[in-house]
Amino acid sequence: MKEKIEAIQAEALARIAAADDARSLEDARVGILGKKGTLTEVSAGMRDVPKEQKAEIGQLLNTARTAITEALEEKQLALQAIADAKALEGIDSTLPARAVHHGSLHPLTLIRHQAIEVLRRMGFALAEGPEIEDEFHCFDALNTPADHPARNEKDTFYFDSGKLLRTHTSSVQIRTMETQAPPVRIIAPGSAYRRDEIDATHLSVFNQLEGLYVDTDVSLGDLKGTLEYFFREMFGAETEVRFRPHFFPFTEPSFEIDVKLHAKGQVPKWIEVAGCGMVDPAVFESIDSGRKDDAFSPEKITGFAFGMGLDRLAMIRWGIKDIRLLIENDVRFLRQFA
(Lines give C-alpha, C1' and ligand atoms only; values in the text may rest on other atoms or scores of the structure.)
Protein backbone atom coordinates (compact mmCIF):
# COMPACT_ATOMS: atom_id res chain seq x y z
CA MET A 1 0.00 0.00 0.00
CA LYS A 2 2.82 2.38 0.93
CA GLU A 3 4.63 1.79 -2.35
CA LYS A 4 1.40 2.20 -4.32
CA ILE A 5 0.68 5.61 -2.73
CA GLU A 6 4.22 6.82 -3.43
CA ALA A 7 3.94 5.65 -7.04
CA ILE A 8 0.60 7.42 -7.50
CA GLN A 9 2.06 10.64 -6.06
CA ALA A 10 5.09 10.54 -8.33
CA GLU A 11 2.95 9.80 -11.39
CA ALA A 12 0.47 12.54 -10.46
CA LEU A 13 3.17 15.19 -10.01
CA ALA A 14 4.68 14.26 -13.35
CA ARG A 15 1.29 14.44 -15.08
CA ILE A 16 0.61 17.85 -13.53
CA ALA A 17 4.01 19.16 -14.59
CA ALA A 18 3.38 17.99 -18.16
CA ALA A 19 -0.02 19.70 -18.46
CA ASP A 20 0.26 22.53 -20.98
CA ASP A 21 -3.24 24.02 -20.82
CA ALA A 22 -6.23 24.36 -18.49
CA ARG A 23 -8.06 21.42 -20.08
CA SER A 24 -5.23 18.91 -19.60
CA LEU A 25 -4.69 20.17 -16.05
CA GLU A 26 -8.36 19.62 -15.24
CA ASP A 27 -8.19 16.10 -16.74
CA ALA A 28 -5.22 15.38 -14.49
CA ARG A 29 -7.07 16.62 -11.40
CA VAL A 30 -10.11 14.48 -12.15
CA GLY A 31 -7.95 11.43 -12.92
CA ILE A 32 -6.18 11.73 -9.59
CA LEU A 33 -8.59 13.34 -7.11
CA GLY A 34 -11.98 12.78 -8.78
CA LYS A 35 -14.58 10.25 -7.60
CA LYS A 36 -12.85 7.51 -9.62
CA GLY A 37 -9.35 9.00 -9.40
CA THR A 38 -6.32 6.88 -8.58
CA LEU A 39 -5.70 8.47 -5.19
CA THR A 40 -9.39 8.33 -4.31
CA GLU A 41 -9.52 4.59 -5.05
CA VAL A 42 -6.47 3.96 -2.86
CA SER A 43 -8.04 6.01 -0.07
CA ALA A 44 -11.12 3.75 -0.25
CA GLY A 45 -8.87 0.77 0.58
CA MET A 46 -8.03 2.19 4.01
CA ARG A 47 -10.75 0.00 5.50
CA ASP A 48 -8.68 -3.10 4.60
CA VAL A 49 -5.41 -1.80 6.13
CA PRO A 50 -4.39 -3.53 9.37
CA LYS A 51 -5.13 -1.46 12.47
CA GLU A 52 -1.47 -1.05 13.41
CA GLN A 53 -0.68 0.45 9.95
CA LYS A 54 -3.67 2.80 9.62
CA ALA A 55 -1.94 5.83 11.19
CA GLU A 56 1.13 5.51 8.97
CA ILE A 57 -0.83 4.89 5.75
CA GLY A 58 -3.33 7.64 6.61
CA GLN A 59 -0.53 10.15 7.13
CA LEU A 60 1.06 9.08 3.86
CA LEU A 61 -2.25 9.57 2.04
CA ASN A 62 -2.69 13.08 3.52
CA THR A 63 0.88 14.00 2.53
CA ALA A 64 0.30 12.79 -1.03
CA ARG A 65 -3.03 14.61 -1.32
CA THR A 66 -1.50 17.87 0.00
CA ALA A 67 1.46 17.66 -2.39
CA ILE A 68 -0.81 16.96 -5.36
CA THR A 69 -3.24 19.78 -4.45
CA GLU A 70 -0.40 22.30 -4.06
CA ALA A 71 1.08 21.20 -7.40
CA LEU A 72 -2.30 21.68 -9.08
CA GLU A 73 -2.66 25.20 -7.66
CA GLU A 74 0.87 26.19 -8.65
CA LYS A 75 0.41 24.84 -12.16
CA GLN A 76 -2.93 26.64 -12.52
CA LEU A 77 -1.29 29.95 -11.55
CA ALA A 78 1.57 29.33 -13.96
CA LEU A 79 -0.80 28.55 -16.84
CA GLN A 80 -2.86 31.66 -16.03
CA ALA A 81 0.28 33.81 -16.07
CA ILE A 82 1.20 32.43 -19.49
CA ALA A 83 -2.33 33.13 -20.79
CA ASP A 84 -2.22 36.68 -19.40
CA ALA A 85 1.14 37.35 -21.00
CA LYS A 86 -0.13 36.08 -24.34
CA ALA A 87 -3.20 38.31 -24.09
CA LEU A 88 -0.98 41.35 -23.55
CA GLU A 89 1.29 40.63 -26.51
CA GLY A 90 1.39 43.62 -28.83
CA ILE A 91 -0.09 45.96 -26.23
CA ASP A 92 1.98 48.97 -25.24
CA SER A 93 1.37 49.27 -21.50
CA THR A 94 3.04 52.70 -21.46
CA LEU A 95 0.21 54.26 -23.47
CA PRO A 96 -2.16 56.47 -21.43
CA ALA A 97 -5.42 54.87 -20.35
CA ARG A 98 -8.69 55.77 -22.04
CA ALA A 99 -10.73 58.37 -20.23
CA VAL A 100 -13.60 57.12 -18.11
CA HIS A 101 -16.79 58.86 -19.23
CA HIS A 102 -19.07 60.11 -16.49
CA GLY A 103 -22.82 59.85 -16.88
CA SER A 104 -25.35 62.48 -15.90
CA LEU A 105 -29.05 63.03 -15.46
CA HIS A 106 -30.92 64.23 -18.54
CA PRO A 107 -31.42 68.03 -18.65
CA LEU A 108 -35.20 67.56 -18.40
CA THR A 109 -34.72 65.48 -15.26
CA LEU A 110 -32.41 68.12 -13.81
CA ILE A 111 -34.87 70.97 -14.44
CA ARG A 112 -37.80 68.89 -13.13
CA HIS A 113 -35.96 68.07 -9.91
CA GLN A 114 -35.01 71.71 -9.36
CA ALA A 115 -38.55 72.99 -10.06
CA ILE A 116 -40.08 70.45 -7.69
CA GLU A 117 -37.51 71.23 -5.00
CA VAL A 118 -38.29 74.97 -5.14
CA LEU A 119 -42.06 74.46 -5.01
CA ARG A 120 -41.85 71.84 -2.28
CA ARG A 121 -40.03 74.41 -0.13
CA MET A 122 -43.09 76.63 -0.55
CA GLY A 123 -45.38 73.91 0.78
CA PHE A 124 -46.64 72.31 -2.44
CA ALA A 125 -47.21 68.55 -2.39
CA LEU A 126 -46.72 66.24 -5.39
CA ALA A 127 -49.81 64.84 -7.09
CA GLU A 128 -50.20 62.35 -9.95
CA GLY A 129 -52.93 61.28 -12.34
CA PRO A 130 -53.49 59.09 -15.42
CA GLU A 131 -52.11 60.10 -18.80
CA ILE A 132 -55.11 58.52 -20.56
CA GLU A 133 -58.02 60.74 -19.56
CA ASP A 134 -61.69 61.35 -20.24
CA GLU A 135 -63.18 64.56 -21.62
CA PHE A 136 -64.74 65.50 -18.32
CA HIS A 137 -61.48 65.71 -16.37
CA CYS A 138 -59.50 67.14 -19.27
CA PHE A 139 -62.06 69.67 -20.56
CA ASP A 140 -65.55 69.81 -19.05
CA ALA A 141 -64.50 70.21 -15.42
CA LEU A 142 -62.08 72.92 -16.51
CA ASN A 143 -64.84 75.05 -18.02
CA THR A 144 -63.65 74.36 -21.58
CA PRO A 145 -66.53 74.94 -24.06
CA ALA A 146 -67.54 72.23 -26.52
CA ASP A 147 -66.32 74.27 -29.50
CA HIS A 148 -62.88 75.02 -28.04
CA PRO A 149 -60.07 74.20 -30.55
CA ALA A 150 -58.27 72.00 -28.00
CA ARG A 151 -61.19 69.54 -28.14
CA ASN A 152 -60.81 69.09 -31.88
CA GLU A 153 -59.27 65.86 -33.21
CA LYS A 154 -56.75 68.01 -35.08
CA ASP A 155 -55.31 69.16 -31.77
CA THR A 156 -55.84 66.19 -29.42
CA PHE A 157 -55.06 62.47 -29.55
CA TYR A 158 -58.35 60.56 -29.15
CA PHE A 159 -58.91 56.81 -28.80
CA ASP A 160 -61.81 54.92 -30.35
CA SER A 161 -63.23 54.54 -26.85
CA GLY A 162 -63.64 58.32 -26.57
CA LYS A 163 -60.75 58.60 -24.10
CA LEU A 164 -57.79 60.79 -24.94
CA LEU A 165 -54.17 61.49 -24.11
CA ARG A 166 -54.27 64.38 -21.67
CA THR A 167 -53.41 67.74 -23.20
CA HIS A 168 -52.25 69.15 -19.86
CA THR A 169 -51.79 68.00 -16.28
CA SER A 170 -54.67 70.24 -15.15
CA SER A 171 -56.72 67.04 -15.02
CA VAL A 172 -54.66 66.07 -11.97
CA GLN A 173 -55.89 69.23 -10.24
CA ILE A 174 -59.50 68.19 -10.87
CA ARG A 175 -58.95 64.65 -9.60
CA THR A 176 -57.23 65.99 -6.48
CA MET A 177 -60.10 68.35 -5.65
CA GLU A 178 -62.60 65.53 -6.16
CA THR A 179 -61.02 63.60 -3.29
CA GLN A 180 -59.49 66.29 -1.07
CA ALA A 181 -61.18 69.20 0.66
CA PRO A 182 -59.50 72.62 0.98
CA PRO A 183 -56.84 73.63 1.69
CA VAL A 184 -55.23 72.14 -1.42
CA ARG A 185 -51.69 73.02 -2.43
CA ILE A 186 -50.28 70.67 -5.09
CA ILE A 187 -48.01 70.51 -8.11
CA ALA A 188 -48.52 67.99 -10.91
CA PRO A 189 -45.48 67.34 -13.11
CA GLY A 190 -45.88 64.92 -16.02
CA SER A 191 -46.26 64.30 -19.73
CA ALA A 192 -48.86 66.03 -21.90
CA TYR A 193 -49.77 65.31 -25.52
CA ARG A 194 -50.91 67.51 -28.40
CA ARG A 195 -51.04 67.14 -32.17
CA ASP A 196 -48.39 69.77 -32.79
CA GLU A 197 -46.08 69.69 -35.79
CA ILE A 198 -42.60 68.83 -34.52
CA ASP A 199 -40.17 71.70 -35.10
CA ALA A 200 -37.55 73.69 -33.20
CA THR A 201 -40.06 74.84 -30.57
CA HIS A 202 -42.82 72.17 -30.58
CA LEU A 203 -43.15 68.46 -29.83
CA SER A 204 -46.19 66.20 -29.84
CA VAL A 205 -45.34 65.12 -26.29
CA PHE A 206 -43.83 67.49 -23.76
CA ASN A 207 -43.21 67.76 -20.04
CA GLN A 208 -45.49 70.02 -18.06
CA LEU A 209 -45.68 71.16 -14.45
CA GLU A 210 -48.91 72.62 -13.11
CA GLY A 211 -49.74 73.97 -9.69
CA LEU A 212 -52.89 74.64 -7.70
CA TYR A 213 -53.48 76.46 -4.40
CA VAL A 214 -56.98 76.63 -2.95
CA ASP A 215 -57.89 78.01 0.47
CA THR A 216 -59.75 80.88 2.06
CA ASP A 217 -58.59 84.36 1.00
CA VAL A 218 -56.07 83.25 -1.66
CA SER A 219 -55.34 86.38 -3.66
CA LEU A 220 -53.79 87.49 -6.92
CA GLY A 221 -50.93 88.87 -4.86
CA ASP A 222 -50.25 85.34 -3.56
CA LEU A 223 -50.09 84.07 -7.13
CA LYS A 224 -47.75 86.84 -8.27
CA GLY A 225 -45.44 86.48 -5.29
CA THR A 226 -45.28 82.68 -5.62
CA LEU A 227 -44.33 82.69 -9.29
CA GLU A 228 -41.90 85.60 -9.08
CA TYR A 229 -40.08 83.78 -6.28
CA PHE A 230 -40.12 80.53 -8.27
CA PHE A 231 -38.64 81.97 -11.46
CA ARG A 232 -35.97 83.91 -9.59
CA GLU A 233 -34.96 80.72 -7.80
CA MET A 234 -34.78 78.95 -11.16
CA PHE A 235 -32.98 81.58 -13.21
CA GLY A 236 -31.31 83.87 -10.69
CA ALA A 237 -32.25 86.57 -8.20
CA GLU A 238 -31.99 89.34 -10.83
CA THR A 239 -34.48 87.70 -13.21
CA GLU A 240 -37.12 90.11 -14.54
CA VAL A 241 -40.66 88.69 -14.53
CA ARG A 242 -43.77 90.24 -16.09
CA PHE A 243 -47.45 89.27 -16.18
CA ARG A 244 -49.56 89.91 -19.30
CA PRO A 245 -53.38 89.69 -19.36
CA HIS A 246 -54.58 86.64 -21.27
CA PHE A 247 -57.55 84.28 -21.48
CA PHE A 248 -57.88 80.70 -20.25
CA PRO A 249 -61.27 78.99 -19.78
CA PHE A 250 -60.39 77.76 -16.30
CA THR A 251 -58.99 80.94 -14.73
CA GLU A 252 -60.31 84.50 -14.34
CA PRO A 253 -58.42 86.79 -14.42
CA SER A 254 -55.74 85.01 -16.48
CA PHE A 255 -52.14 85.92 -17.28
CA GLU A 256 -49.21 84.77 -19.33
CA ILE A 257 -45.80 85.10 -17.69
CA ASP A 258 -42.60 86.22 -19.41
CA VAL A 259 -39.03 86.34 -18.17
CA LYS A 260 -36.35 88.49 -19.77
CA LEU A 261 -33.66 86.33 -21.35
CA HIS A 262 -30.11 87.69 -21.32
CA ALA A 263 -28.19 85.56 -23.83
CA LYS A 264 -24.51 86.32 -24.35
CA GLY A 265 -23.96 88.42 -27.47
CA GLN A 266 -27.69 89.03 -28.00
CA VAL A 267 -30.13 91.79 -27.13
CA PRO A 268 -32.19 90.84 -24.04
CA LYS A 269 -35.71 89.72 -24.94
CA TRP A 270 -38.86 88.61 -23.19
CA ILE A 271 -39.66 84.87 -23.37
CA GLU A 272 -43.05 83.38 -22.50
CA VAL A 273 -42.66 80.66 -19.86
CA ALA A 274 -46.03 80.00 -18.18
CA GLY A 275 -49.73 80.68 -17.92
CA CYS A 276 -51.63 81.33 -14.70
CA GLY A 277 -54.65 82.92 -13.10
CA MET A 278 -57.25 82.79 -10.35
CA VAL A 279 -59.38 79.65 -10.58
CA ASP A 280 -62.68 80.39 -12.33
CA PRO A 281 -65.70 79.95 -9.99
CA ALA A 282 -67.26 77.70 -12.66
CA VAL A 283 -64.49 75.16 -12.01
CA PHE A 284 -65.26 75.10 -8.29
CA GLU A 285 -68.99 74.70 -9.02
CA SER A 286 -68.24 71.73 -11.27
CA ILE A 287 -66.17 70.12 -8.51
CA ASP A 288 -68.91 70.61 -5.92
CA SER A 289 -71.45 69.15 -8.33
CA GLY A 290 -69.40 65.98 -8.60
CA ARG A 291 -68.62 65.82 -4.88
CA LYS A 292 -72.25 66.61 -4.00
CA ASP A 293 -71.22 69.07 -1.27
CA ASP A 294 -70.09 72.70 -1.04
CA ALA A 295 -66.47 72.15 0.02
CA PHE A 296 -65.32 74.26 -2.93
CA SER A 297 -68.07 76.84 -2.84
CA PRO A 298 -66.86 80.03 -4.59
CA GLU A 299 -68.53 81.91 -1.75
CA LYS A 300 -66.07 80.44 0.75
CA ILE A 301 -62.79 79.75 -1.03
CA THR A 302 -60.54 81.10 -3.77
CA GLY A 303 -57.48 79.73 -5.47
CA PHE A 304 -54.89 80.14 -8.16
CA ALA A 305 -53.45 77.78 -10.77
CA PHE A 306 -50.41 77.89 -13.03
CA GLY A 307 -48.79 75.75 -15.68
CA MET A 308 -45.47 75.71 -17.49
CA GLY A 309 -43.50 73.54 -19.90
CA LEU A 310 -40.38 72.04 -18.36
CA ASP A 311 -38.89 71.68 -21.85
CA ARG A 312 -39.15 75.47 -22.29
CA LEU A 313 -37.53 76.06 -18.90
CA ALA A 314 -34.62 73.79 -19.85
CA MET A 315 -34.17 75.62 -23.16
CA ILE A 316 -34.01 78.96 -21.36
CA ARG A 317 -31.80 77.67 -18.57
CA TRP A 318 -29.11 76.26 -20.86
CA GLY A 319 -29.64 78.29 -24.02
CA ILE A 320 -30.92 75.34 -26.06
CA LYS A 321 -32.25 76.64 -29.39
CA ASP A 322 -33.91 73.45 -30.71
CA ILE A 323 -36.32 71.49 -28.50
CA ARG A 324 -35.72 68.35 -30.57
CA LEU A 325 -32.27 68.04 -29.00
CA LEU A 326 -34.03 67.03 -25.78
CA ILE A 327 -35.45 63.84 -27.32
CA GLU A 328 -32.80 62.78 -29.85
CA ASN A 329 -30.44 61.25 -27.24
CA ASP A 330 -27.38 62.53 -29.09
CA VAL A 331 -24.48 61.79 -26.74
CA ARG A 332 -22.55 64.78 -28.08
CA PHE A 333 -25.35 67.03 -26.80
CA LEU A 334 -26.03 65.20 -23.53
CA ARG A 335 -22.33 65.07 -22.64
CA GLN A 336 -22.53 68.80 -21.86
CA PHE A 337 -24.58 67.98 -18.76
CA ALA A 338 -22.21 65.31 -17.40
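## The second largest pocket

In this predicted model, the second largest pocket holds about 470 Å³ of space. It is lined by 21 residues, and those closest to its centre are Leu261, Ile271, Met315, Ile316 and Gly319.

Which elements give two or more residues to this lining? They are S7, S8 and H10, with H10 giving the most, four residues. By type, the lining splits into eight nonpolar, five polar and eight charged residues.

## The largest pocket

Now for the largest pocket, with a volume of about 1200 Å³. Here 47 residues make up the lining, and Arg194, Phe206, Gln208, Phe248 and Glu272 sit closest to the centre.

S8 has the largest share, at six residues.

## Helices H2 and H4

Over to a pair of packed helices. H2 (residues 22-33) and H4 (residues 54-87) meet at an angle of about 170°, and their axes are 11 Å apart. Because of that angle, H2 counts as roughly antiparallel to H4.

Who makes the contact? On the H2 side there are Ala22, Leu25, Arg29, Ile32 and Leu33, while H4 brings Arg65, Ile68, Thr69, Leu72, Lys75, Gln76 and Leu79. Sorted by type, the contact residues come to seven nonpolar, two polar and three charged.

Conventions. Residues numbered from 1 in each chain as written. Predicted model: local features only at pLDDT ≥ 70, side-chain atom pairs only at ≥ 80, totals over all residues. Heavy atoms only, no water. Axes fitted to C-alpha atoms, helices over the stretch in contact; angles between N-to-C directions. Parallel < 35°, antiparallel > 145°, perpendicular 65-115°, else oblique. Contact = heavy atoms within 4.5 Å. Nonpolar A, V, L, I, M, F, W, Y, C, P; charged D, E, K, R; others polar. 1 Å grid on protein atoms, 1.4 Å probe; cavity = no way out; pocket = protein on both sides within 12 Å on 5 of 7 lines; lining within 4 Å. Points joined across faces, edges and corners; volume = space filled by probe spheres on them.
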